[in-house]
Amino acid sequence: MTDMEQDPLWYKDVIIYEIPLKSFFDANGDGIGDFPGLIEKLDYISNLGVTAIWLLPFTDSPLKDDGYDIRDYFSVYPPYGNLADVRRFIEEAHKRGIRVITELVVNHTSDTHPWFVSARSTRASPFRDYYVWSDSPEKYRGTRIIFSDSEKSNWTWEPKTRQYYWHRFFHHQPDLNFDNPKVQDEILNIVTFWFSLGVDGLRCDAVPYLFEREGTNCENLPETHAFLKRLRKEVDRLFPGRMLLAEANQWPRDVLPYFGNEDEFHMAYHFPLMPRLFIAIAQGDRKPIVEILGQTPPIPDSCQWTIFLRNHDELTLEMVSDQERDYLWSYYAKDSRMRLNLGIRRRLAPLMQNDRRKIDLMHSLLLTLPGTPILYYGDEIGMGDNVHLGDRNGVRTPMQWSSDKNGGFSRADPSSLYSPPIQNPVYGYHVVNVESQVRFPTSPLNMLRQMIQVRQGFRIFGRGSTTILHPKNFRVFAYLRESDGKVGLILNNLSDATESVLLDLSRFDGYTPVEMFSQSEFPKIRKHPLHFTVSPYGYFWLYLQPPDLPSDHPGSS
Ligand code: NOJ
């Protein structure tokens, strides 16, 4: 790693690319993506400008929840490769300046994990207390059901030992009992194992649900925070400079405690922002975004939000009002097959009706709003989804590398692929693929690559403060990003019409706005409001060049 990459706050400057290993590239032709395949494609990832990979679970698992149902925390699911492959992958990623973030599935295991197999076999099992048991399914009644389409209760009856066990997700994912100190120690062991292997960060799955207490909703409990502080302390002691990312699908005020006093997580997802980006672009109105950012409290200096548009799950609509959810469902998921639990199981391009202007605008928002952006594999080329596949599988189809057999993903017989690739006339691999998009400069892939490149030249995006501007025209969402005396001005037109907007920038009297992509100069800012005309779904990224800098200085840091 270079000196810059030694920065302990590295996670503020990276661009994260999320990858399900099985979907990326199959090197050995068995129909499933694997580590050697991923290693082969590292140059592609690096060319995109990505500087961190978030790899979905890859340890041994029956894959009933795509690896979030863990059978063994210490070995690799054999079709993906082995630990030597993981080491090689980390090494190769690091060589290219790419950080590696893997998963810590902390809340539950698979019911095939040897701990649970033993625990359910007899009440005398030494592992019985690794899980949460009850004689009655009435306990913890105030707890919501997350996978509401498939589970009717958070309790499942275990006939052999005649008790119920607790699970916040699928019934085949029993929750670990964090009241048991041995469970806490096991988790710390797992963390030590993966950090020792060289991963740079751990994305900690489902952290609000670690403890249960009667009379509460069993989320965000003080006991949970106490354990997480213990975890952080160990990480800081043994592995300084590594990063912990919280998956806590909660309102910003409830996520805030997960940063603690810089003694819990380094990063946390901003879940409520994401659906509001989709409402704003549908309504052509910045209000939902402005409101949620207004409700987002400041976070400690060393901490950072991660933001995203889509991921491997349904587009979750838990952090919106009932009215907003109904709106989003009726706008984006007219066909009931597009809905799952409290969400929408579709990818970015189809959600944007494959409108390039809207896709680019969403990427403009993702790359300029406060936080570290996460891209979901395939969205960079505008891949589609398949609502005919069950659960969330429709957004986890094979990466489309070329128009060759299986989209260039695998040499296997099509019938032995883990999933059919997308083959429809709009999004199918014959039309949407990497090979074609690298060849023309205006492709979605090349556009995004360019945006990433520009963003990486300005530390204001990863590190800067954000000031939202409030021009009269509510269809334009404009804000300043500032750090170390450098200023960026971003405008996003959320509507399908050309919009004119007046911005009061008198604070920057004498500065010259310079377009970040072309470096072309705009008229100097004066005391009176500055007028901009923004094309439908258009955006401007401008650097405000101070009066005393020579005019050819692009302002990059
Ligand atoms: C959140 C993950 O993103 C999701 O894919 C998984 O099903 C649940 N946690 C349970 O582990």
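The following legends describe close-up views of a predicted model.

Figure 1. The shell around the ligand is formed by D65, Y68, H108, F147, F169, R203, D205, E247, H312, D313 and R392. Sorted by class, this shell comprises three nonpolar, two polar and six charged residues.

Figure 2. The protein buries 98% of the 300 Å² that the ligand exposes when taken alone.

**Figure 3. Helix 6, residues 181-197.** With 17 residues at 1.5 Å a residue, helix 6 should span 24 Å, and the 25 Å between its end C-alpha atoms agrees with that expectation. Just after the helix comes G198, with a positive phi of about 115°.

**Figure 4. Buried residues of helix 6 and the elements that cover them.** The buried positions in helix 6 are V183, Q184, E186, I187, L188, I190, V191, W194, F195 and L197. Their cover includes three helices, namely helix 4 (83-95), helix 5 (114-121) and helix 7 (222-238). It also includes strand 3 (99-105), strand 7 (201-205) and strand 8 (243-246).

**Figure 5. R232 in helix 7.** R232 counts as buried because its relative accessibility is 7%, below the 20% cut-off. The side chain of R232 reaches the backbone oxygen of E262 at a distance of 3.4 Å. Leaving aside neighbours within four places in sequence, the contacts of R232 are L244, E262, D263, E264, F265 and H266. V207 is 25 residues from R232 along the chain, and the C-alpha atoms of the two residues are separated by 13 Å.

**Figure 6. E92 in helix 4.** The relative accessible area of E92 is 14%, so this residue is classed as buried. Not counting residues up to four places away in sequence, E92 touches I39 and L42. Between the C-alpha atoms of E92 and Y331 the separation is 43 Å, with the two residues 239 places apart along the chain.

**Figure 7. D66 in the loop between strand 2 (52-55) and helix 4.** Two polar contacts involve the side chain of D66: one with the side chain of K22 at 2.8 Å, and one with the side chain of R396 at 2.6 Å. When residues up to four places away in sequence are not counted, D66 touches K22, P57, N393 and R396. A relative accessible area of 15% places D66 among the buried residues. Although D66 is not a glycine, its phi is positive, at about 50°.

**Figure 8. Y140 in the loop between strand 4 (133-134) and strand 5 (155-158).** The phi of Y140 is positive, at about 50°, although this residue is not a glycine. Y140 has a relative accessibility of 10% and therefore counts as buried.

**Figure 9. T397 in the loop between strand 14 (372-376) and helix 14 (434-437).** The relative accessible area of T397 is 0%, so the residue is buried. Residues up to four places away in sequence being left out, T397 touches S23, Y377, M383, G384, L389, Y418, S419, P420 and I422.

**Figure 10. Helix 10, residues 287-294, and its cover.** Within helix 10, the buried residues are P288, I289, V290, I292 and L293. Among the elements covering these residues are helix 8 (252-259) and helix 9 (273-283). Strand 15 (465-468) and strand 16 (476-483) also belong to the cover of the buried residues of helix 10.

Methods: Residues numbered from 1 in each chain as written. Predicted model: local features only at pLDDT ≥ 70, side-chain atom pairs only at ≥ 80, totals over all residues. Heavy atoms only, no water. Near = heavy atom within 4 Å. Areas by Shrake-Rupley, 256 points an atom, 1.4 Å probe, with all protein chains shown as cover. Nonpolar A, V, L, I, M, F, W, Y, C, P; charged D, E, K, R; others polar. Helix = DSSP H or I, 4+ residues; strand = E, 2+ residues; numbered from the N terminus. Expected span 1.5 Å × (residues − 1). Buried < 20%, exposed > 50% of the residue type's maximum accessible area, 1.4 Å probe, protein only. Contact = heavy atoms within 4.5 Å. Polar contact = N/O pair within 3.5 Å; in protein donor to acceptor, adjacent residues only side chain to side chain.
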